[in-house]
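Student: Hi! Could you walk me through this one while I have it open?
Tutor: Happy to, let's look at it together.

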Amino acid sequence: MGELEDAVMTRVWKWNRPVTVREVLEDLQKERSIAYTTVMTVLDNLHQKGWVRREAEGRAYRYEAVSTRAAYAAALMNDAWSQSDNAAAALVAFFGMMSEEQRQALTDAVRIVQLPESSAGENPGSAEDGSGR
């Protein structure tokens with residue numbers, strides 16, 4: 001996603017509701033000089049790429065995000081990781097770049113992902129102690 005597409009999507013994600021070109025334009029104009037047609041083209045491109053859906057409202061469209069910013073970030077990470085010729089080394093390097101807060105978020109995420117597997121018909125402690133009791 002390009003810089004301008006990201007700026008537009010940031011607003012769509014932040015507002016978390018269907019938005020018009022005019023709304024995005026007015027907010028972007030607080031930071032930069034930009035034309036209505038430019039914002040309209042960017043939103044159309046995002047629609048073509050599948051990042052937003054649109055619904056006609058009179059002569060205009062309202063645009064809404066198809067997925068969350070978190071899903072977008074996950075797709076970027078997955079894409080970058082899949083391009084590595086050594087996945088383990090890439091992960092080690094990535095983990096080494098993380099702040100303590102990011103490492104804690106990773107630990108929390110792994111715990112959340114593992115919950116359905118470890119709680120499926122077992123006692124909560126059985127996955128940790130290996131006893132199966």
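Student: At what angle do α1 and α2 pack, and how far apart are their axes?
Tutor: In this predicted model, α1 and α2 pack at an angle of about 110 degrees, and their axes are 11 Å apart. That makes α1 roughly perpendicular to α2. Angles of 65 to 115 degrees count as roughly perpendicular, under 35 as roughly parallel, over 145 as roughly antiparallel, and the rest as oblique. The axes are lines fitted to C-alpha atoms, for helices over the stretch in contact, and the angles run from 0 to 180 degrees between N-to-C directions.

Student: Which residues make the contact?
Tutor: Leu 4, Ala 7, Val 8, Arg 11, Lys 14 and Trp 15 come from α1, while α2 brings Glu 23, Val 24, Asp 27 and Leu 28. Contact means heavy atoms within 4.5 Å. By class, the contact of α1 with α2 has 6 nonpolar, no polar and 4 charged residues. Here Ala, Val, Leu, Ile, Met, Phe, Trp, Tyr, Cys and Pro count as nonpolar, Asp, Glu, Lys and Arg as charged, and the others, Gly among them, as polar.

Student: Good. How do α1 and α3 pack?
Tutor: Their angle is about 85 degrees and their axes are 10 Å apart. That makes α1 roughly perpendicular to α3. From α1 the contact takes Leu 4, Glu 5, Val 8 and Met 9, and from α3 it takes Thr 38, Val 42, Leu 43, Asn 45, Leu 46 and Lys 49. Those residues divide into 6 nonpolar, 2 polar and 2 charged.

Student: And what about α2 with α3, what angle is there?
Tutor: α2 (residues 21-28) and α3 (residues 36-49) pack at about 120 degrees, with their axes 9 Å apart. α2 and α3 are therefore oblique to each other. Val 21, Arg 22, Val 24, Leu 25 and Leu 28 in α2 meet Tyr 36, Val 39, Met 40 and Leu 43 in α3. The contact of α2 with α3 has 8 nonpolar, no polar and 1 charged residue.

Student: Switching to the strands: in which sense do β1 and β2 pair?
Tutor: β1 (residues 52-57) and β2 (residues 60-65) pair in the antiparallel sense over 6 bridges. Two strands pair if DSSP finds at least two bridges between them. Ala 56 stands opposite Tyr 61 in β2. The hairpin has 2 residues between the strands, and Gly 58 takes a positive phi near 70 degrees there.

Student: Where is Thr 20, and is Thr 20 buried or exposed?
Tutor: Thr 20 lies in the loop between α1 (3-15) and α2. Thr 20 is buried, at 15% relative accessible area. Buried means under 20%, exposed over 50%, and partly exposed in between, with a 1.4 Å probe and protein chains only. Leaving aside neighbours within four places in sequence, Thr 20 is in contact with Tyr 61 and Arg 62.

Student: Last one: how many helices and strands does the protein have?
Tutor: The protein has 7 helices and 2 strands, running α-α-α-β-β-α-α-α-α from the N terminus. Helices (H or I, at least four residues) and strands (E, at least two) are DSSP runs, numbered from the N terminus.

Conventions: Residues are numbered from 1 along each chain as its sequence is written. This is a predicted model: local features need pLDDT of at least 70, side-chain atom pairs count only at pLDDT 80 or more; totals for chains, interfaces and linings use all residues. Side-chain values use heavy atoms; hydrogens and water are left out.
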